[in-house]
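Have a look at the model first, then read on.

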Amino acid sequence: MASFVCAVLVLCMVVVPSLATDYTIGDTSGWTMGLDYSTWTAGKTFKVGDNLVFNYGGGHTVDEVSASDYNTCTVGNGITSDSSGATTIALKTAGTHYFICGVVGHCGSGMKLAVTVKAAGSSTETSATPSSGTSTPATSTTSPSGSNTTIYKPSSNYPESASGILSPFIAIVVTLVSFCAMIFSL
């Protein structure tokens, strides 16, 4: 009986990671000029553990860039870059991640994507943190009715590097292994 319970638990440990979602950027159109990727991301919830799959033809790249380089379409400063035609990016940290095509002019033609990633198991959206790690100051905007509104954007509670944080999946695995060890020692 104990070995059956452990076998079920091990099976669950194999199935749980498969709950991650692979998002094919641009769906059947892929990573190309002329698409509005902000519309494509609307209604999607990206979580730590999910993957972004970029499919594209020659003459394009997938560059992960800073918020500043994303906003100005600055090429050549990429954090990472790939031009293989099939790029998969694992979303490992919460926050906003920025991607552009590193070919001059392509970002300005729409090949730019920003995704906000939630922590695994999170039920609320995370806020973007500038790459310097400082919080975003309050900004004032004028609404269509003419009233002035102040918007506060708090900094993310997630560290720049979450390597010191035990993921929920690892915690479950450790608990299940301990449980199996306890059953077999009885």
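Is C101 buried or exposed? C101 is buried, at 0% relative accessible area (buried means under 20%, exposed over 50%, partly exposed in between, with a 1.4 Å probe and protein chains only). Keep in mind that this is a predicted model, where local features need pLDDT of at least 70, side-chain atom pairs count only at pLDDT 80 or more, and totals for chains, interfaces and linings use all residues. Residues are numbered from 1 along each chain as its sequence is written, and side-chain values use heavy atoms, with hydrogens and water left out.

**Cysteines**
- The model has one disulfide, a term that stands for a pair of cysteine sulfur atoms within 2.5 Å.
- That bond links C73 and C107, with 2.1 Å from S to S.
- The link of C73 and C107 is left-handed, at -65 degrees about the S-S bond.
- C73 sits in the loop between α3 (67-72) and β5 (80-82) and C107 in the loop between β7 (95-100) and β8 (112-118), so the pair ties together parts 34 residues apart in sequence.
- Helices (H or I, at least four residues) and strands (E, at least two) are DSSP runs, numbered from the N terminus.
- C73 is partly exposed at 24% relative accessibility, while C107 is buried at 2%.
- As for C101, the closest cysteine sulfur is in C107, and at 8.5 Å that's too far for a bond.

**Sheet**
- Five strands make an open sheet with mixed pairing, in the order β2-β8-β7-β4-β5; strands pair if DSSP finds at least two bridges between them.
- Its edge strands are β2 (46-47) and β5, each pairing on one side only.
- β4 (residues 62-65) runs antiparallel to β5, with three bridges.
- V62 has D82 in β5 as its bridge partner.
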